[in-house]
Amino acid sequence: MVMREPELTPVSIQTVAADSYRQAKERMREAITRYAAEGRYRLPSEEELSTALGVSRATLRSVLQSLQKEGRIRRLHGSGTFINRHTIGLAANLAEASPFVDLLTEAGYQPAVRTLDQHLIALDDELATSLELPAGERALRIERVFDADGKPAVHSVDHVPATLLGEHPEDSDPRRSTFEFVETDTGTPVCYSVAEIRPVLPPAAIATALGLPRTRPVLRLRHTHIRADELPVAVTVVHVNDDYLRFSVIRTYLDQ
């Protein structure tokens, strides 16, 4: 007698507007969390998912491919797409492009963001090299602190070339995430980021902003953000108090 796998209940995922890749990916992350909580690790078919999300099959495949690269799902030829149960509940994944507000929320905190400073600067040699510009070129510098339950957890500084931001870059709205800011103000989304990660003793100003002694190590992340034509469009330098956020890296190998 052939045993048939129980039918999956209908997919219930909030439909997204148009073919928004980012919205679709966020809805899929929410669905993965919900399915795993229910003990359901096999995802519905692409047809069901694309219909539930209201996106094209091409957009859905891009979302699934991204989640596969992040190690959140496995796609097995001839068997289907499965949630990787070993990644459920992991700390922030460095392979994911989630805003710090979202990461702090997922960690169980009430997040808030404060803009400490925003002004135009002349790029030093290091930043200019990363942005493939001559030293001395102008860039908009945005300094922010992300709070967790009212206490400083993350210090972030973005540097975006002024030539990408129109006539009055200093008037740009700093409240958005780096990715939203770059996409909206430069007109081109970030395609990928290259990150350098290391523990450091914080400079005096950053230690003060985070409410830490200078002898307390923090995690430093330096991201260079690249758009589709391989042009660097921003550099972000972040210092993180790991009492609030700890990061994981999921290393993926070939699925079968």
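Which side chain does Ser-130 join in a polar contact of 3.0 Å? It's the side chain of Arg-222, where a polar contact is a pair of N or O atoms within 3.5 Å, one able to donate a hydrogen and the other to accept it, and residues adjacent in sequence count only if both atoms are side-chain atoms.

A quick word on the model: it's predicted, so local features need pLDDT of at least 70 and side-chain atom pairs pLDDT 80 or more, while totals for chains, interfaces and linings use all residues. Residues are numbered from 1 along each chain as its sequence is written, and side-chain values use heavy atoms, with hydrogens and water left out.

Back to Ser-130, which sits in helix H5 (residues 125-130); helices here are DSSP runs of H or I with at least four residues, strands are E runs with at least two, and both are numbered from the N terminus. Ser-130 counts as buried because its relative accessibility is 18%, and buried means under 20% relative accessible area, exposed over 50%, partly exposed in between (1.4 Å probe, protein chains only). Skipping neighbours within four places in sequence, Ser-130 also touches Thr-224, Pro-232 and Val-235, with contact meaning heavy atoms within 4.5 Å.

Now look at helix H2 (residues 46-53), where Glu-46, Leu-49, Ser-50, Ala-52 and Leu-53 are buried. They lie on the same side of H2, because they cover an arc of only 165° around the axis, taken from the directions from the helix axis to the C-beta atoms. Their cover includes helix H1 (21-37), helix H3 (57-69) and strand S1 (73-76). Glu-47 and Thr-51 are exposed on the face turned away from that buried side. Just after H2, Gly-54 has a positive phi of about 75°.
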